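Thanks for asking me to look this over with you. Have the structure open beside these notes, and take the points one at a time.

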Amino acid sequence: MKVCKDLKPKKVFEYFEDICSIPHGSQNTKAISDYCVNFAKEHGLKYIQDEMNNVILFKEGSKGYENAETIIIQGHMDMVCEKENGVDIDFEKDGLNLFIDGDFLKAKGTTLGGDDGVAVAYALAILDDDTLAHPPLEVVITVDEEIGMLGAEGIDLSMLKGKKLLNLDSDEEGIFLTSCAGGLTAECTLPVTRKSVDGMEYELKITGLQGGHSGSEIHKGHGNAIMLMGRLLKQLADQMDISLVTLGGGLKDNAIPRETVCTILTDEANEAELLAFVKEYEADLKNEYHISDADVSVLCTKKKHTTDETLDRTSFVKVLFMLRNLPCGVQHMSMDIPGLVETSLNAGIMTLSKDTFALSFSVRSSVTSRKYEVTDRLTFVTEFLGGSVNISGDYPAWEYKAESKMRDLMVETYRDLFRKEPQIQAIHAGLECGIFSGKIEGLDCISFGPANFDIHTPKERLSISSTERVWNLIVEFLKRSK
């Protein structure tokens, strides 16, 4: 049975539920891309599907709008796939389990993908409705936005005629975004060597953190499980002799990691001291994060006496040095816009293999020189320790334009519909508008969307009533764009 069948706007939620039934995490977008292509075929629309799975759909202007300026509607088809512990889902193969909770649409135990499936749903609903008044439309749906805006970087836009772009990738209703930070992904890799050690095995886990979007929520001070695990291991190693067997945490570099786990070997005689340390460390974290992460916990589980391959002393110290000295979190606040984060970075993925330790960072800044300054710090420390850094997904900031006819019309439309003033803001999170502006000369952009909370976490929830209001706003804006 369709969960969204009675929700309004009917077509928007119908398409959104379809999208949620199709696996569409980053780098797994062929099926959702083909879904968009099949939609175009069924509706007799011209389309382009490139080798990356980006899709562009075209529709002529409605009667009386044939010669109006073309409008580009844009969003991305990939989602961040996060789940709660114990949730049985294979994001590569399974759809989401939707349910309604009051005014919110949610997915049981997982992210919802309202970021940015709702943009795709809006676009398809507009293209599907021949009763709407609108200019010629060019709908651009990109891939792999969540891992460095790779689709936007690689897409060919030379065939587009539009100079006005509606980006539907924002998550606060009534806020129109007019600029955003640029960013990149930096993967810091360190070679490690191992030695055979005999001892009692213990599993250490940091869990219960809130996580969140590494751009739009980095200022909230949520604990980063990777950094907190580095702190735990360093302080523990200062007290007793321990050897590291496994270490890992985080799933996406643009999601603040909620959990990390490691296994260590130590003398069983250290157990009482170990348990006391873990209890004390947990108390410290609960005190430090009592507002942002009240449910944080540190667990220690005794496993078995064993002989295993652990990091040798030099490798272990280097790993600890990276975790304790690489920057993470907010680095600079904007001097132009009060309260706006200018520069930040997030350690989002940590892995330890037989011979390699790796940390993946999402680096963001609205000041290009600061973005590269932070990246240089990552590189300097990593290379000093004998490692290397790979940079990918480098995208530009979207700069504010003092004059924008599109923004003026959107503000006027919002004011007339809702009898209140919208907010015009910049955002620290990355948006594809910067890349599009670099590819289309003279492009006029604005980014907005319905209220969507706790994105990139399993607590993500999309407001149903807000989705309808934003739909009405889009429809009215297109009607006025003659």
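The notes below go through a helix pair, the pockets, the cavities and a few backbone details.

1. A word before we start: this is a predicted model. Please keep that in mind for each point that follows.

2. Let's begin with two helices that touch. Two packed helices are described by the angle between their axes and the distance between the axes. Here helix α5, residues 225-239, packs against helix α7, residues 313-325, at an angle of about 130° and with the axes 9 Å apart. The two helices are therefore oblique to each other, and the crossing of α5 and α7 is left-handed.

3. Which residues of α5 and α7 meet? From α5 come Ile226, Met227, Gly230, Arg231, Leu233, Lys234 and Ala237, while α7 brings Phe316, Leu320, Leu323 and Arg324. Sorted by class, the residues of this contact between α5 and α7 are seven nonpolar, one polar and three charged.

4. Next, the pockets. The largest pocket has a volume of about 540 Å³. Its lining is made of 25 residues, and those nearest the centre are Asp171, Glu172, Ser216, His219 and Ile427. By class, the lining of the largest pocket has 12 nonpolar, eight polar and five charged residues.

5. Which strand gives the largest share of the lining of the largest pocket? That is β20, with four residues. Strands β8 (175-180), β20 (423-427) and β22 (452-453) each supply at least two residues of this lining.

6. The second largest pocket holds about 370 Å³ of space. Of the 17 residues that line the second largest pocket, Glu82, Lys83, Asn85, Leu251 and Arg258 lie nearest its centre. The lining of the second largest pocket divides into seven nonpolar, four polar and six charged residues.

7. Now for the cavities. How many cavities of 30 Å³ or more does a search of the whole structure find? The search finds five. About 200 Å³ of space lies in the largest cavity. The largest cavity is lined by 19 residues, with Asp115, Asp169, Ser170, Asp171 and Ile455 nearest its centre. Helix α3, residues 114-128, gives the most to this lining, namely four residues. The lining of the largest cavity has seven nonpolar, six polar and six charged residues.

8. The second largest cavity has a volume of about 140 Å³. It is lined by 14 residues, and the closest to its centre are Glu145, Gly148, Asn254, Arg364 and Tyr395. Strands β9 (182-191) and β18 (356-365) each supply at least two residues of the lining of the second largest cavity. That lining has four nonpolar, six polar and four charged residues.

9. Finally, some backbone details to look up. Most residues other than glycine have a negative phi, and most peptide bonds are trans. The bond joining Lys8 and Pro9 is cis, with omega about 5°, and Pro9 sits in the segment before α1 (10-20). The peptide bond from Asp115 to Asp116 is also cis, with omega near 10°, and Asp116 lies in helix α3.

10. Is phi of Asp454 positive or negative? It is positive, near 55°, in a residue other than glycine.

Conventions. Residues numbered from 1 in each chain as written. Predicted model: local features only at pLDDT ≥ 70, side-chain atom pairs only at ≥ 80, totals over all residues. Heavy atoms only, no water. Axes fitted to C-alpha atoms, helices over the stretch in contact; angles between N-to-C directions. Parallel < 35°, antiparallel > 145°, perpendicular 65-115°, else oblique. Left-handed = near helix turned anticlockwise from the far one by under 90°. Contact = heavy atoms within 4.5 Å. Nonpolar A, V, L, I, M, F, W, Y, C, P; charged D, E, K, R; others polar. 1 Å grid on protein atoms, 1.4 Å probe; cavity = no way out; pocket = protein on both sides within 12 Å on 5 of 7 lines; lining within 4 Å. Points joined across faces, edges and corners; volume = space filled by probe spheres on them.
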